[in-house]
Amino acid sequence: MGEEVKVLMPKLGLTMKSGTITKWLKKEGDHVEKDEVIAMIETEKLSGELKAPAAGTLEKILKKEGEEVPVGEVVAIIKTS
């Protein structure tokens with residue numbers, strides 16, 4: 001059986017406290033590869049990519065586009081195969 005891997009809001013800069021998900025590039029049920037870009041995120045100072053921490057199925061998206069999320073908070077769940 002696969003395990004659930006939490007996708008966390010990354011810390012893109014030293015002063016970053018939260019980020020906004022600007023666009024999900026994958027949807028629930030999509031297969032993702034490790035380190036594949038699954039969403040775009042933005043902070044006050046820069047924009048960046050949210051990469052999958054593991055390969056598997058994007059089981060659940062917990063945060064919507066446009067939502068501001070604190071660093072380290074779970075934004076999605078990947079179910080490994």
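Tutor: Start with serine 18, whose bridge partner in strand 7 is proline 70. The model is predicted, so local features need pLDDT of at least 70 and side-chain atom pairs count only at pLDDT 80 or more, while totals for chains, interfaces and linings use all residues. Residues are numbered from 1 along each chain as its sequence is written, and side-chain values use heavy atoms, with hydrogens and water left out.

Three bridges join strand 2, residues 18–24, to strand 7, and the two run antiparallel. Strands are DSSP runs of E, at least two residues, numbered from the N terminus; two of them pair if DSSP finds at least two bridges between them.

Another pairing joins strand 1 to strand 8, antiparallel over five bridges. In that pairing, leucine 8 has valine 74 of strand 8 as its bridge partner. Strand 1 has two faces: Val5 and Val7 are on the covered one, whereas Glu4, Lys6 and Leu8 are on the uncovered one.

Valine 5, in strand 1, is buried because its relative accessible area is 17% and the cut-off for buried is under 20% (exposed is over 50%, partly exposed in between; 1.4 Å probe, protein chains only). From valine 5 to isoleucine 78 is 73 residues in sequence, but 5.1 Å in space, C-alpha to C-alpha. Beyond four places in sequence, valine 5 is in contact (heavy atoms within 4.5 Å) with Pro53, Ala54, Ala76, Ile77, Ile78 and Thr80.

Next, the interior. In soluble globular proteins, nonpolar side chains tend to be buried together. The largest nonpolar core here has 18 residues, and Ile21, Trp24, Leu50 and Val75 have the most contacts inside it. Such a core is a set of buried Ala, Val, Leu, Ile, Met, Phe, Trp, Tyr and Cys residues joined through side-chain atoms within 4.5 Å. Two or more of its residues come from each of strand 1 (4–8), strand 2, strand 4 (37–42) and strand 8 (74–79). Leucine 50 touches residues including Val7, Trp24, Ile38, Ile41 and Val75, with those up to four places away in sequence not counted; Glu36 is also among its contacts.

Methods:
Helices (H or I, at least four residues) and strands (E, at least two) are DSSP runs, numbered from the N terminus.
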